[in-house]
Amino acid sequence: MADDEEGVLETSDDNDCFDSRLQFEGSAAEDIAPFGKTVERNKDDDESSSIIPHRDHLLQWMEITVSEPEKRIGGSSVKMQDTFVVYLVETKVTDPEMPNYGEPPSSSWRRYSEFELLRNYLEIMYPTIVVPPLPEKRVTYAWQKLPTDRLDVEFIERRRVGLENFLLRVASHSNLSKDKIFHGFLKDDGSGWRDSVYATDFQSKAEWKLRMLSASFRLKEPDKRFEELKNYCNELQTHINNIIKIRVHIADKSYGIHKIHANYGRLFSELSAIDKEMGDGLQMAGHYMDVYSQSIDGLLEDEEQFADQLKEYYAFGDAVRSVCRKQELVQLDLEKAEENLASKISQREQLLQGKQSAFSLSGMKTKLFGGDTPEQREQKIKLLDEQIREAEDQVQEASKEAQVMVDHALRDIDRFKRQKVRDLKDVFINYAILQTEKYKKGIALWQNMRECFKKI
């Protein structure tokens, strides 16, 4: 089926005024195991590490590209909805000190749905990491002439660049880049990779997606740092949303104004036909007006890179918010463990004092059938002592898990913030350069127009 909907990100082309290539800086090396696993090192790992040089992340020794998007038809149907797009994912070892250097590139064909499966796996298995987003499936904030057909050539190309950007971001992360499922995605072709993903049973660990919907409302003492992060994500998305809307409005206006100039070209050409003395000058002026009118198409296509990169960071806001919600779940588990411990301690104190709540089940039994004998009370106290020790262990374990979650999450969010500043700085600078080049071309055309009029 056609699960490969449209996705957009910066367009990769040879335009000198807008460099769509992002600079990827690896995060600090730190071993964070997938959810439910621990980092284990053994003698074999130490021996292999003495042979293979250490690298913080995959991009330090491997080149990753997504290319050659190809339309295919699923099954025997020729219906349009069964047409999908596959992308060629290629990897090549670039470090002479690493294994497989000098060998031909490894390659695999991937559908958009497989990119989605990879991201879902990473998001669940690495709850403390801001997992990079995928290109959007449907185009939003499109100006009037922007193609939105998911099988449009330009549309597919923008999605290709977005998918490549996603892989590069994952490969530049010191933890995500070490994941075996990710390695398999880059190299294993066919259905074997999907089977290996589902074999991890990652879907059984996804109950947090349901639980986190209400966790924030049930927390008694939410972590202020993560509350501030959620507010920050809301504000970031609001501002990005407004910037993109303004850009769409300007694009529509600019497109209309440039196209109206085509009327100049037509009128000058018609006038040159009836007035021979001014014919040559007007004919050339009409030609330059046509060029000016048509120039906006390529310029607005280049501007889509700016919009696509902003859309990526709008989606990053959701990724950061997802980490915050996972922290809320861990915090909620800790609060429940503390409440359970406090309840057991309270019950023990009441038994020691010979008191019981009149509204509790045991209190009602006491009123109806009389109180416990000393032996029964002693037995209950011993049972509660055992339950209190178990509850203390649960609190200690939950507290440790919550602290680890907070430390790792805040560290990765800090990495994301540094990345965001670098990327958005480059985006805005490149947009300014693009606008400068656009108006320089306009000035050059009008200067040529002036020379044409001088020749009349």
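**Talking through a predicted model**

Among contacts in the protein chain between residues at least 6 apart in sequence, 81% join residues at least 24 apart. The model is predicted.

Trainee: Happy to start with the overall make-up. How many helices and strands does the protein chain have?

Mentor: Good place to begin! Reading from the N terminus, the elements run α-β-β-β-α-α-α-α-α-α-α-α-α-α. The secondary structure therefore comes to 11 helices and three strands.

Trainee: And what share of the residues in the protein chain is buried?

Mentor: Buried here means under 20% relative accessible area. Of the 456 residues in the protein chain, the buried ones make up 44%.

Trainee: Let's turn to helix 2. Is helix 2 largely enclosed or largely open?

Mentor: Helix 2 covers residues 112-125 and reaches 20 Å from its first C-alpha to its last, close to the 20 Å expected. Its buried residues include Y112, F115, L118 and M125. Because 12 of its 14 residues are buried, helix 2 is largely enclosed by the rest of the structure.

Trainee: On to the rings. Which residues are linked into a cluster by ring pairs?

Mentor: The structure holds 12 aromatic pairs. The ring pairs link F115, F185 and W193.

Trainee: How is the pair of Y198 and F202 arranged, stacked or edge-to-face?

Mentor: Y198 is partly exposed at 41% relative accessible area, whereas F202 is buried at 3%. Their ring centres are 6.4 Å apart, with 25° between the planes. Planes under 30 degrees apart count as stacked, so this pair is stacked.

Trainee: Some arginines also meet rings. Over which ring does the charged end of R111 sit?

Mentor: There are a couple to look at. The charged end of R72 sits over the ring of W109, 4.9 Å from its centre. For R111, the distance to the ring centre is 3.7 Å, and the ring belongs to F84.

Trainee: One last topic, the backbone. Where is N100, which has a positive phi although it is not a glycine?

Mentor: Most residues other than glycine have a negative phi. E68, in strand 1 (residues 62-73), has a positive phi of about 50°. For N100 the phi is about 70°, and at 42% relative accessibility N100 counts as partly exposed. N100 is found in the loop between strand 2 (83-93) and strand 3.

Technical notes. Residues are numbered from 1 along each chain as its sequence is written. This is a predicted model: local features need pLDDT of at least 70, side-chain atom pairs count only at pLDDT 80 or more; totals for chains, interfaces and linings use all residues. Side-chain values use heavy atoms; hydrogens and water are left out. Helices (H or I, at least four residues) and strands (E, at least two) are DSSP runs, numbered from the N terminus. The expected span of a helix is 1.5 Å times one less than its number of residues. Buried means under 20% relative accessible area, exposed over 50%, partly exposed in between (1.4 Å probe, protein chains only). Rings of Phe, Tyr and Trp (its six-membered ring) pair if their centres lie within 6.5 Å; planes under 30 degrees apart count as stacked, over 60 as edge-to-face and the rest as tilted. A charge sits over a ring if NZ of Lys or CZ of Arg is within 6 Å of the ring centre and within 35 degrees of the ring normal. Contact means heavy atoms within 4.5 Å.
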